[in-house]
Each structure stands twice: as structure tokens, then as C-alpha cells.
Number of protein chains: 2
Amino acid sequence: MRRGHCHRHGADQPCTCAMGNLYRFVEPLALYLLKKRGQTHGYELIGALREQALTDSTIEPGALYRTLRRLEESGFVSSTWDIAASGPARRVYELTELGEQHLQEWVIVLGHLAESLAGFVSEARDLFPSTSS
Amino acid sequence: MRRGHCHRHGADQPCTCAMGNLYRFVEPLALYLLKKRGQTHGYELIGALREQALTDSTIEPGALYRTLRRLEESGFVSSTWDIAASGPARRVYELTELGEQHLQEWVIVLGHLAESLAGFVSEARDLFPSTSS
DNA sequence: TATTATAAGTGTATAATACACTTAGATGGC
DNA sequence: GCCATCTAAGTGTATTATACACTTATAATA
């Protein structure tokens with residue numbers, strides 16, 4: 001997306017697309033959804049991510065599938081093929097013990113980030129004269 | 001930095017370095033500092049960024065200099081050379097009108113992100129049994 | 001039989017970061 | 001005068017994350 005032009009969300013208000021590539025937090029979101037749902041497959045997570053996204057950009061299927069692959073290589077999730085269900089075979093993922101720990105680490109890191117961002121936003125707002133009232 | 005190993009912050013608690021490449025928010029931080037300080041040069045901003053960083057990783061000189069260059073190409077800042085001061089010549093930056101608007105957009109976007117992150121962290125914490133008490 | 005929904009990807013370009021390295025002016029110690 | 005150090009502004013290049021398009025294949029439905 002070219003900076004300053006967002007065709008998806010219009011010109012009503014600035015959105016992450018128009019600000020360049022913002023981190024989408026695919027990894028912690030995937031770990032969180034796996035923890036919450038127990039077992040799931042990628043395609044189902046794609047739907048869940050449409051409602052969970054932390055920015056106003058949606059997370060792409062490609063990004064999710066690659067992230068799941070990497071999480072498995074790192075030992076944070078394990079997968080098995082489900083060929084019993086109707087439709088194409090599903091690769092069913094599950095959090096490992098290590099993955100649970102990793103999610104908890106993400107929660108700590110993102111907690112700090114949320115606080116820092118809130119503080120920054122508050123300080124930055126003070127630099128501009130209030131337009132309301 | 002290899003994931004899971006942070007030589008800078010030790011093993012006391014998870015840090016952004018060990019979680020992979022997290023967005024460092026160099027652009028909004030630079031815009032904010034320029035708004036706050038009026039006129040500054042890159043080297044001074046590097047020092048300021050050491051105290052303002054939103055993650056526990058410091059922002060690198062290389063990233064800042066490239067960001068300032070890009071901001072100028074986009075018309076968000078303007079620069080002039082200061083050869084009067086002692087030492088090597090300084091490229092002195094200043095926010096433009098467009099840059100002020102862009103900073104305000106960043107504040108809106110990061111405000112939303114801070115809220116989303118705080119909500120996510122809160123929901124994720126609920127998935128783990130409390131260890132305290 | 002053709003279309004659509006489901007499911008899991010790959011290809012490839014751009015963008016952000018990580019770490020190392022370079023260039024060059026000024027200052028202070030010897 | 002010479003060398004180390006501080007100041008200032010970069011560049012080189014590899015890795016990681018994202019963006020968007022595209023492919024493959026199974027099953028259900030019209």
C-alpha cells in the first residue's frame with residue numbers, strides 16, 4: 001500500500017495501511033487463538049483473525065500459514081493431518097508446553113508495549129492544542 | 001538477534017529482542033521529538049531516542065538517519081546544513097505543516113493500537129491461572 | 001458438468017530492522 | 001606535530017515481516 005493512500009478504509013481517518021508497514025502481531029495472535037480454542041487449523045484461524053486483528057488491516061492467509069510453519073519449526077506448536085473431516089485435509093495445530101510459555105512471554109512484552117504506546121500517545125496529544133471545547 | 005536469546009537484557013524477563021523483529025516506531029518517535037524540540041539534528045535525536053524508545057530495544061542510528069531522509073522526501077520535514085556550530089556540519093531538521101498533520105495521524109493510529117493491545121493482553125492474561133496469591 | 005466453498009499453501013516485491021562499517025571535522029593530551 | 005576521542009552523518013548488506021497475487025486440490029451444490 002502506497003503511503004498516504006488507503007483504498008480499503010477510505011479517507012475518513014488515518015489507518016495503519018496508510019502509515020506504511022506496521023507490525024501485525026501475527027505470531028502472538030496465532031498463539032493466543034490456539035490457546036483459547038485448543039485445536040484448530042489454519043483456515044479457521046484466518047476467519048478468527050478477521051475479528052481479532054490488532055490493527056485495522058486484516059492478517060493475510062499467506063502470513064498466517066508461514067507463521068504457523070515457523071512456530072512448528074521452533075517447537076511452539078505441533079500439527080497432525082485431519083483427513084476424516086469433510087472437504088480438503090486439514091492440518092490441525094495445537095500449542096506445546098513451550099508454546100504456552102512463549103505466549104506468556106508475548107503477553108509480558110505486549111503489556112509493556114501497550115503501556116509505552118499509551119504514554120507516548122498521551123504526551124504527543126499534549127503537544128497539540130485541543131480542538132474540542 | 002536469534003529468537004529466544006537476548007544477550008543485551010539477560011534472561012530475567014522476555015524482551016522484544018528475543019521475540020523477533022518488533023516494530024520500533026522510528027517514524028512517529030522522530031516526528032514527535034521534532035515537534036517537541038522545534039529544530040534538531042540527527043545525532044541529537046539519537047540520544048533523545050535512547051530515553052524515548054517504546055520497546056526495550058534502542059533505535060539504531062542507521063534507522064534514524066534513513067527515516068529522516070525518507071521523511072524529507074515525503075515532505076514531512078525540511079532540513080538545512082548548520083556549519084556555524086563547532087564540530088562536523090549538522091543537518092538541522094524541522095517539521096513541515098504536512099509533517100505536523102502526519103504526526104497527528106500517527107497519534108490516532110497509535111492510540112487505537114495501544115487500546116487494542118491492552119485489550120488483547122487483558123484477554124490473554126485471563127487464559128492463564130493467576131500465579132500471584 | 002460447472003461453479004463455489006473449503007483448505008493449504010507458494011512466488012516475489014517492498015519495507016523495517018540488525019549489526020557492522022566508513023568518512024570526516026574538531027578537541028585534548030603527549 | 002601526532003594520535004586518540006568525541007561529534008556528526010551516513011552506507012552495506014543480511015534477515016524478517018508484510019502485501020498482493022497466484023496455485024493446487026477436495027467436496028458440495030446448482
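**Entry 1: the two copies**

I superposed chain A on chain B and found that a rotation of 180 degrees, with 0.0 Å of shift along its axis, does this with an RMSD of 0.0 Å. The two copies are therefore related as by a two-fold rotation axis. I then looked for the C-alpha of chain A nearest the axis, and it belongs to A:Ala114, at 2.4 Å from it. The same surface serves both copies, since 100% of the contact residues of chain A recur in chain B. I note here that the model is a predicted one.

**Entry 2: around DNA strand D**

I listed the 28 residues around DNA strand D, and those that come nearest are A:Arg24, A:Glu60, B:Arg66, B:Arg69 and B:Arg90.

I next looked up single contacts. For B:Arg66, an N or O atom of the side chain is 2.4 Å from a base oxygen.

By class, I found eleven nonpolar, seven polar and ten charged residues in the surface near DNA strand D, and H3(B) gives the largest share of that surface, four residues.

**Entry 3: helix H1 of chain B**

I checked the length of helix H1 (residues 26-37) of chain B: at 1.5 Å a residue its twelve residues should span 16 Å, and because its end C-alpha atoms are 16 Å apart, the two values agree. Nine of the twelve residues are buried, including B:Val26, B:Pro28 and B:Tyr32. After H1(B) comes B:Gly38, with a positive phi near 80 degrees.

How values were computed: Residues numbered from 1 in each chain as written. Chains lettered and ligands numbered in written order. Predicted model: local features only at pLDDT ≥ 70, side-chain atom pairs only at ≥ 80, totals over all residues. Heavy atoms only, no water. Helix = DSSP H or I, 4+ residues; strand = E, 2+ residues; numbered from the N terminus. Expected span 1.5 Å × (residues − 1). Buried < 20%, exposed > 50% of the residue type's maximum accessible area, 1.4 Å probe, protein only. Least-squares fit on C-alpha atoms with pLDDT ≥ 70 in both. Contact = heavy atoms within 4.5 Å. Near = heavy atom within 4 Å. Polar contact = N/O pair within 3.5 Å; in protein donor to acceptor, adjacent residues only side chain to side chain. Nonpolar A, V, L, I, M, F, W, Y, C, P; charged D, E, K, R; others polar.
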